[in-house]
Amino acid sequence: MFAKFKKSYHLILLCLFAGGLLVSVLAVSPAGHDYALAQQRPSTGPASKDKSEANGFPVTFVDVAGLAGLSDPIIYGGLEHKKYIIETNGSGVAFFDYDNDGWVDILLLNGTRLEGFPKGKEPTIKLYRNQRNGSFSDTTARAGLRHAGWASAICAGDYDNDGYEDLYLTYWGQNVLYRNRGDGTFTDMTQKASLGTKGTRWGSGCTFVDYDRDGNLDLFVANYLKFDLQTAPEPGKGANCTWIGIPVNCGPKGLPTDINLLYHNNGDGTFADVSDKSGIAKVEDRYSMTAITTDFNNDGWPDIYVACDSTASTLYRNNRDGTFTDVSLE
């Protein structure tokens, strides 16, 4: 049975689990494109249709991960037990058109395990190219995106204004900036761009944002908390390490918070840390996670919202002079 879709928009539902990937796709194609996708399911009769309408949601989602070639597992910590909080949060995904062919591709982040993996066997991030027929092909190796580690978040944006979307990935450890070369490959520009992480930090979210409206995308990075495997308390051995008397991994409460960072794009391929100067670093005692940018007060300048874990979230209002003020609690 074939289902044919033609939409003027994308409708995508994606869920990430520690042990694998579930993707339900109604249409993964640019506006105006058609494709046929084989679906092995019984035909639905009038009774099924009536039930769908009775539920008030006349849209059906089908798990097509296997048919689409997206069945590789996502590794993140232990399978049976999660000893530390580093194993619990999981990683992100980006839908973006990396080769500018008009079709949305997928980049999946990955994690690791406390005991590690043999050299050459580590789970890595995965880049899947849209084959324009409802399926994707793994182009990770060709693209040069073989980074491994505790990945958290990803944001895509054209920081060098060459017409191709670049990538910034956050990790527990060292974050990574990949420049899209426009030929299907990427180059690690982290150090050359002056974006090397000082020490070990837990980058939990990021967003490209032209906060000063100079035409160059700047970079905001959210940091979750300060975590050290050598000193982290074990389950049940701390004030925030039990739940209804059961030993669980500790945190986030009880673990030290970290500050968020803002990097200004210098327009020459490098960035400058303006976290203190901009007021971004003034916000403390938050367990920051996902970050997005939007002009919430309609003044024509992009603001930044950061969703936080177990603490108040943060809303950075752009003061239009290179600085921000947290107005989340006003």
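**Figure 1. The whole chain, by the numbers.** The protein chain has four helices and 22 strands, and what you're looking at is a predicted model. Of its 330 residues, 46% count as buried. If you take the contacts with a separation of 6 or more, 55% of them come from residues 24 or more positions apart.

**Figure 2. The largest pocket and what lines it.** Start with the space itself: the largest pocket holds about 240 Å³. E13 puts in the largest share, with five residues. In total 15 residues line the pocket, and Ser 152, Ala 153, Ser 204, Gly 205 and Thr 290 sit nearest its centre.

Figure 3. Is Thr 294 buried, partly exposed or exposed? Its relative accessible area is 38%, so Thr 294 is partly exposed, falling between the 20% and 50% cut-offs. Skip the neighbours within four places in sequence, and Thr 294 is in contact with Pro 302 and Asp 303. Tyr 305 is worth a look too: it comes eleven residues away from Thr 294 along the chain, and the C-alpha atoms of the two are separated by 7.6 Å.

Figure 4. A disulfide is a covalent bond between the sulfur atoms of two cysteines. How many does a search of the whole structure find? It finds one, formed by Cys 241 and Cys 250, with their sulfur atoms 1.9 Å apart. The link of Cys 241 and Cys 250 is right-handed, with 120° about the S-S bond. Both of these cysteines are buried.

Figure 5. Cys 155 has 7% relative accessibility, so it counts as buried. Cys 308 comes out at a relative accessible area of 15%, and because the cut-off for buried is under 20%, Cys 308 is buried as well.

**Figure 6. A tilted ring pair, Tyr 159 with Phe 271.** A pair of aromatic rings is described by the distance of the centres and the angle of the planes. The count for this model comes to 13 aromatic pairs. In the pair shown here, the rings of Tyr 159 and Phe 271 have their centres 5.7 Å apart and their planes at 45°, so the pair is tilted. Where do the two residues lie? Tyr 159 is in the loop between E9 and strand E10 (166-173), while Phe 271 belongs to strand E18 (residues 271-273), so the pair ties together parts that are 112 residues apart in sequence. Tyr 159 is buried, with a relative accessible area of 3%, and Phe 271 counts as buried at 4% relative accessibility.

**Figure 7. A cluster of aromatic rings.** Which residues do ring pairs link into a cluster? The members are Tyr 84, Trp 172, Trp 202, Tyr 224, Phe 227 and Tyr 287. Trace the ring pairs through this view and you'll see how these residues are linked.

Terms used:
Residues are numbered from 1 along each chain as its sequence is written. This is a predicted model: local features need pLDDT of at least 70, side-chain atom pairs count only at pLDDT 80 or more; totals for chains, interfaces and linings use all residues. Side-chain values use heavy atoms; hydrogens and water are left out. Buried means under 20% relative accessible area, exposed over 50%, partly exposed in between (1.4 Å probe, protein chains only). Contact means heavy atoms within 4.5 Å. On a 1 Å grid over the protein atoms alone, a cavity is a set of points where a 1.4 Å probe fits but cannot get out, and a pocket is an open set with protein on both sides within 12 Å along at least five of seven lines; lining residues have an atom within 4 Å of a point. Grid points are joined across faces, edges and corners, and a volume is the space filled by probe spheres set on the points. A disulfide is a pair of cysteine sulfur atoms within 2.5 Å. Rings of Phe, Tyr and Trp (its six-membered ring) pair if their centres lie within 6.5 Å; planes under 30 degrees apart count as stacked, over 60 as edge-to-face and the rest as tilted.
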